[in-house]
Amino acid sequence: MASRYREVYENWQRDPEGFWGSAGEDIDWVKPADKVFDPEAGVYGRWFAGAICNTCYNCVDRHVERGRADQAALIYDSPITGSQKTYSYSELLDEVQTLGAVMQAHGVEKGDRVIIYMPAIPQAAIAMLACARIGAIHSVVFGGFAAAELATRIDGCKAKLVLTASCGIEPGRIVEYKPLLDEAIELSKFKPEGVLLYQREQARASMIEGRDHDWDAEMARARGEGRKAPCVDVAATDPLYILYTSGTTGEPKGVVRDNGGHMVALYWSMKNIYGVDPGEVYWAASDVGWVVGHSYIVYAPLLHGNTSILFEGKPIGTPDAGVFWRVIWEHKVAAMFTAPTAFRAIKKEDPEGKFIRDYDLSNFRTLFLAGERADPDTIQWAEKHLEVPVYDHWWQTETGWAIAGNPVGLGALPVKYGSPTVPMPGYDIKILDDQCNEMATGETGAISVKLPLPPSCLPTLWNNDVRFKESYLNDYPGYYMTSDAGFVDEDGYVYVMARTDDIINVAGHRLSTGGMEEVIATHPDVAECAVIGMADQLKGQVPAGFIVLNSGVERAEGDIEGEVVKLVREKIGPVAAFKLAMTVPRLPKTRSGKILRGTMRKIADGEDYKMPATIDDPVILDEITAVLKGRGYPG
Ligand code: COA
Ligand code: AMP
């Protein structure tokens with residue numbers, strides 16, 4: 001089929017408000033918008049200003065009312081615990097109504113913040129929807145973060161209530177959440193009023209009298225008393241959630257998502273980008289702690305009346321590299337979305353794709369990859385073995401949906417390996433130079449989006465318009481700076497090549513090297529340090545730390561390096577995947593004292609590099625090279 005992409009994109013260009021206004025007709029509003037876009041409101045304008053709505057109603061209630069009551073809404077498939085559970089739309093409604101009532105009984109009101117610190121279990125999705133139902137603003141914290149990171153987020157949003165589970169399960173170990181949460185509440189300046197805890201049988205948590213409440217007991221009591229929370233009216237421009245993401249420092253950014261624009265963009269994406277119809281099974285193999293989990297495990301599939309899979313497992317080892325194909329086959333998945341790193345892990349374990357042949361994947365139509373650049377090898381391997389189209393698409397926590405992608409529902413465009421294809425409607429992408437001038441086709445520069453951003457994108461950072469402007473808007477007036485560098489080719493295909501800041505991407509997880517440096521600098525024997533993202537075949541990048549010890553330190557370097565690795569795991573969490581600290585005599589710097597991290601990265605990856613003209617002492621680069629070679633890296 002010939003793609004309608006260009007026609008649709010031009011329709012949006014001609015009349016953005018008409019475009020999003022008509023997309024908004026797929027959403028049930030309590031009161032429609034006064035203005036589809038109000039340029040005077042907010043930092044750069046607001047979508048669906050004046051509208052009243054409820055996201056949970058659109059995700060759950062309306063499907064129950066209109067014939068999907070018995071359709072599976074959520075299938076929890078947990079190979080790591082060997083269990084499965086399916087929730088129909090009506091069962092999901094019962095859960096969210098009840099949990100909403102439980103939270104209300106604990107004093108949670110519209111606009112209050114609720115932290116959700118949970119593994120990939122149905123209760124996490126139910127918690128998100130229940131917050132949406134009662135107008136509370138959730139902030140989900142990924143289970144791989146340590147207590148200090150959780151404390152920062154509790155303080156950042158001043159959470160009234162924390163919803164948690166007793167544990168998460170990683171291959172070979174149980175991650176007990178409760179001690180981490182207790183420590184986080186100890187560390188935080190702001191103290192939540194209560195904790196609602198879901199006990200899992202793999203590790204039961206001890207409770208603090210008066211503060212902690214048992215999930216099952218509270219749900220049973222609410223059910224016994226017939227308490228159910230109705231949907232609370234919220235403004236389309238009210239926050240639905242805050243999701244903290246890595247910034248350039250250790251202080252994470254609280255990305256705000258609104259209700260109205262988010263629903264409209266996500267609903268639009270399901271058919272037009274992912275090509276699925278209501279009723280079909282959609283699977284995003286991610287975690288609810290990441291934006292992909294928010295948008296494509298929970299909100300978008302449910303808004304659209306799909307069946308969504310919540311997977312608690314890994315692409316390999318739970319039990320083997322065939323688990324993705326087993327899930328696709330067993331639940332008749334039509335479209336899947338995951339990170340390229342998951343496929344690299346499978347490819348390494350099963351290069352011939354032998355496990356694939358054990359399953360009938362005839363219902364499976366399309367694989368989508370995002371979270372990091374999809375390398376051509378991985379795409380081609382998946383295409384060859386799965387015999388379905390494989391599409392890379394590019395997005396950020398800040399946008400909540402694809403900036404560039406291949407719109408399957410509009411008719412897919414030819415794939416160009418290495419490109420996530422073309423800008424989605426709503427995104428006017430420009431490549432800019434340092435002076436904010438548009439660059440020529442094919443030239444690499446800062447990928448920017450002309451304001452206003454489309455629906456679903458962040459209207460601001462939580463309680464911090466100033467940081468929002470400083471981080472994204474001030475450098476290129478009139479544009480949103482993505483902090484990704486790349487180019488657009490003669491066919492309008494976007495190429496996303498690298499971050500322009502010190503964010504790195506480890507196994508599809510976004511991490512701040514600046515944040516790691518802040519932690520390492522607290523070690524008493526460390527004088528200074530630099531963390532870079534080094535190329536890694538499996539995870540895309542892994543962090544590598546270079547440390548300079550205080551003069552006079554006589555302890556063994558290996559001991560200190562081990563302590564530094566432990567410190568990052570304790571303070572940031574295992575997800576940082578920080579396993580390599582190397583002592584070096586000095587760090588390479590410019591004459592003005594700026595550490596030459598870019599050059600260090602090139603040396604570590606064995607790439608050619610030009611001697612920076614401003615380098616203070618070129619010999620230091622030889623010292624770095626020698627240390628890396630000593631550890632077996634290209635150097
Ligand atoms: N809770 C606690 N710890 C967690 C965790 C969680 N939810 N998630 C990961 N971790 C831990 C891991 O156990 C690991 O610990 P270890 O150092 O003791 O081994 C550490 O954090 C690093 O995790 P990760 O970088 O994910 O490495 P891994 O070896 O466990 O798994 C992959 C590698 C590629 C299999 C895995 O990252 C993956 O499936 N990724 C693709 C899907 C995805 O998550 N995408 C993200 C957004 S789309
Ligand atoms: P996150 O906010 O965690 O989704 O991370 C967003 C960042 O991941 C982007 O700014 C990119 O640097 C990178 N990224 C995500 N998807 C892609 C992709 N398809 N191609 C290239 N980079 C990507």
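Modeller: Start with a definition: a salt bridge is a side-chain nitrogen of Lys or Arg within 4 Å of a carboxyl oxygen of Asp or Glu. This is a predicted model; local features need pLDDT of at least 70, side-chain atom pairs count only at pLDDT 80 or more, and totals for chains, interfaces and linings use all residues. Residues are numbered from 1 along each chain as its sequence is written, and side-chain values use heavy atoms, with hydrogens and water left out.

Colleague: Why is the pair Arg 555 and Glu 563 called a salt bridge?

Modeller: Their closest N and O atoms are 2.4 Å apart. The limit is 4 Å, so the pair qualifies.

Colleague: What makes Asp 38 and Lys 35 a salt bridge?

Modeller: Here the closest N and O atoms are 3.9 Å apart. That is within 4 Å, so this pair counts too.

Colleague: How do you know whether Asp 38 is buried or exposed?

Modeller: Buried means under 20% relative accessible area, exposed over 50%, partly exposed in between (1.4 Å probe, protein chains only). Asp 38 has 14%, so Asp 38 is buried.

Colleague: And what is Lys 35 called?

Modeller: Lys 35 has 43% relative accessibility, so Lys 35 is partly exposed.

Colleague: What are Arg 555 and Glu 563 called?

Modeller: Arg 555, at 37%, is partly exposed. Glu 563, at 30%, is partly exposed as well.

Colleague: How many salt bridges are there in the whole structure?

Modeller: A search finds 40. One of them joins the side chains of Arg 586 and Asp 617, at 3.2 Å from N to O.

How values were computed:
Chains lettered and ligands numbered in written order.
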